[in-house]
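Here's a quick briefing to read with the model open beside you. Have a look at the fold, then work through the notes below.

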Amino acid sequence: MTHGARSEGPLAGDPAPAGRHAVVVGGGLAGVTAALALADAGVRVTLLEGRPRLGGLAFSFQRGDLTVDNGQHVYLRCCSAYRWFLDRIGGAALAPLQDRLDVPVVDVTRPEGRRLGRLRRDALPVPLHLGRSLAAYPHLSLADRARVGRAALALKGLDLADPALDTQDFGSWLAAHGQSARAVEALWDLVGVATLNAVAGDSSLALAAMVFKTGLLSDPGAADIGWARVPLGELHDRLARKALDSAGVRTEVRARVTSVFANGDGGWSVRAPGETLDADAVVLAVPQREAHDLLPAGALDAPERLLDIGTAPILNVHVVYDRKVLARPFLAALGTPVQWVFDRTETSGLKEGQYLALSQSVAHNEIDEPVAALRERYLPELERLLPRTRGARVKDFFVTRERTATFVPAPGVGRLRPGARTEAPGLYLAGAWTATGWPATMESAVRSGVGAADAALGALGRPRPRHLFAIEEAA
């Protein structure tokens, strides 16, 4: 019964029609992408997700009258795969991009009135598009600005296909190219910490170079920032589920897969509570440790490498004030533990006051701290950063913690990240942690889903939908 489902319980649906059947395990961005791409090619798809919702680590929940995102997620214009995903689920208009890169950067160590700098681009070719902004950037000395320009040109010359880049750390490379500690803090880590979830000294040069070359040195508009103007659950759960339904994908939540094994008929069996599904292809779109536990023997040459891909946390601090204290959609901060601050008022449905979310990457030392201790630390820092908070009343303060938000982008991680194909025919891997060439971002997750679907379609003898080519060409 290679193409059917064994009706053993409440998950079982109607008898399956004849034709190729794929099971996707995991309903994050990687799994949803793989399911949509397979279904678009005419494959019958079942998507199984253990949580009660889709969206993986980019989701929303209710807190009283507020709709809260677990963390602030942004993307860039160069994120062609995630932009395709937004189009595919009908959500592009709900997560628009800036017309032009513009990042306010506030240094609290400078006198008030002279704290604000901006990183923004002009409508000029690379690398001139950032020249005027960098020349006027007040948080670096004149000498530092000149050295940054030279380092950027050296970065542009690196070959991302060179495996030696993954053996080096970005911090040492920056130091060797004349970058001061201040330049690292006020520019390289300002961007790198947010995209890599690691400081330069702990980051693979390969991944850091990929981020800066693609985002800042490939196309003038590549780094323009986009973010959801609706809760993430509206995009990654509701609209994703609607797109899956329209594509004919059978989607089951609260369906945690317990085992995946070859069924003896040349296909696969996937066991979840109450049901065993038979499939011609299986995509494991789950975190690396979960993938390790589900992989059958022999599927990877060295499965223990998956356990060597470390995880890094992100802490999000949420503060609701009784009045407006921030006039901008977001800002980045220097000279304070605060990293990035976003206005979440309209998105959350708050009617009065202002709701700010602080996105704190590289949060190893704070991820398990009590809320009271975090409140004592961050409210005074916000008063230093945003003068209008000083007379404002805090109506709510809470935190969300993603202890395994990303994989650790340390030197050497590249050799640990597996591709989509395994040694077991018909079994594929997806997830931001797989070998996409990108750090752990929404873009990496979607690209991995495309890669897994592409590999599966080749094995199933199905033509690839044309949109898969478009994403690959933009890669």
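**Starting point: a buried alanine**

Ala223 is buried, at a relative accessible area of 8% (buried is under 20% relative accessible area, exposed is over 50%, and partly exposed is in between, with a 1.4 Å probe and protein chains only). This is a predicted model, where local features need pLDDT of at least 70 and side-chain atom pairs count only at pLDDT 80 or more, while totals for chains, interfaces and linings use all residues. Residues are numbered from 1 along each chain as its sequence is written, and side-chain values use heavy atoms, with hydrogens and water left out.

**Around Ala223**

- Ala223 sits in the loop between H7 and S9 (helices are DSSP runs of H or I with at least four residues, strands are runs of E with at least two, and both are numbered from the N terminus).
- Ala223 and Leu97 are 126 residues apart along the chain, yet 9.8 Å separates their C-alpha atoms.

**Cavities**

- Rolling a probe the size of a water molecule over the atoms shows where empty space is left.
- Searching the whole structure turns up two cavities of 30 Å³ or more. A cavity here is a set of points, on a 1 Å grid over the protein atoms alone, where a 1.4 Å probe fits but cannot get out, and lining residues have an atom within 4 Å of a point. Grid points are joined across faces, edges and corners, and a volume is the space filled by probe spheres set on the points.
- The largest cavity has a volume of about 40 Å³, and its lining is made up of Asp69, Gly71, Gln72, Asn316, His318, Arg344, Tyr355 and Ala357. Strand S15 (311-321) and strand S18 (354-360) are the elements that give two or more residues to that lining.
- By type, the lining of the largest cavity splits into two nonpolar, four polar and two charged residues (Ala, Val, Leu, Ile, Met, Phe, Trp, Tyr, Cys and Pro count as nonpolar, Asp, Glu, Lys and Arg as charged, and the others, Gly among them, as polar).
- The second largest cavity comes in at about 30 Å³. Its lining consists of His73, Tyr75, Tyr82, Ala95, Gly226, Trp227, Ala228, Leu232, Leu235 and Met442, which divide into eight nonpolar, two polar and no charged.
- Strand S9 (225-227) and helix H8 (232-246) each supply at least two residues of the lining of the second largest cavity.

- Helix H12 (residues 371-385) has 15 residues, which at 1.5 Å a residue should span 21 Å; its end C-alpha atoms are 20 Å apart, which agrees. The expected span is 1.5 Å times one less than the number of residues.
- Buried in H12 are Leu374, Tyr378, Leu379, Glu381, Leu382 and Leu385. Looking down the axis of H12, these buried residues fall within an arc of 170 degrees, so they line one face of the helix (the arc is that of the directions from the helix axis to the C-beta atoms).
- On the face of H12 turned away from its buried side you'll find the exposed residues Ala372 and Glu376.
- Helix H2 (residues 80-88) buries Ser80, Ala81, Tyr82, Trp84, Phe85 and Leu86, and just after H2, Gly90 takes a positive phi of about 75 degrees.

- Val126 and Pro127 are joined by a cis peptide bond, with omega about 0 degrees. Pro127 belongs to the loop between strand S8 (116-120) and helix H3 (131-135).
- Asn197 has a positive phi, near 60 degrees, in a residue other than glycine. Asn197 is in the loop between helix H6 (181-196) and helix H7 (205-216), and is buried at 4% relative accessible area.
- Arg254 also has a positive phi, near 55 degrees. Arg254 lies in the loop between strand S10 (250-252) and strand S11 (259-262), and is exposed, with a relative accessible area of 63%.

Note on methods. On a 1 Å grid over the protein atoms alone, a cavity is a set of points where a 1.4 Å probe fits but cannot get out, and a pocket is an open set with protein on both sides within 12 Å along at least five of seven lines; lining residues have an atom within 4 Å of a point.
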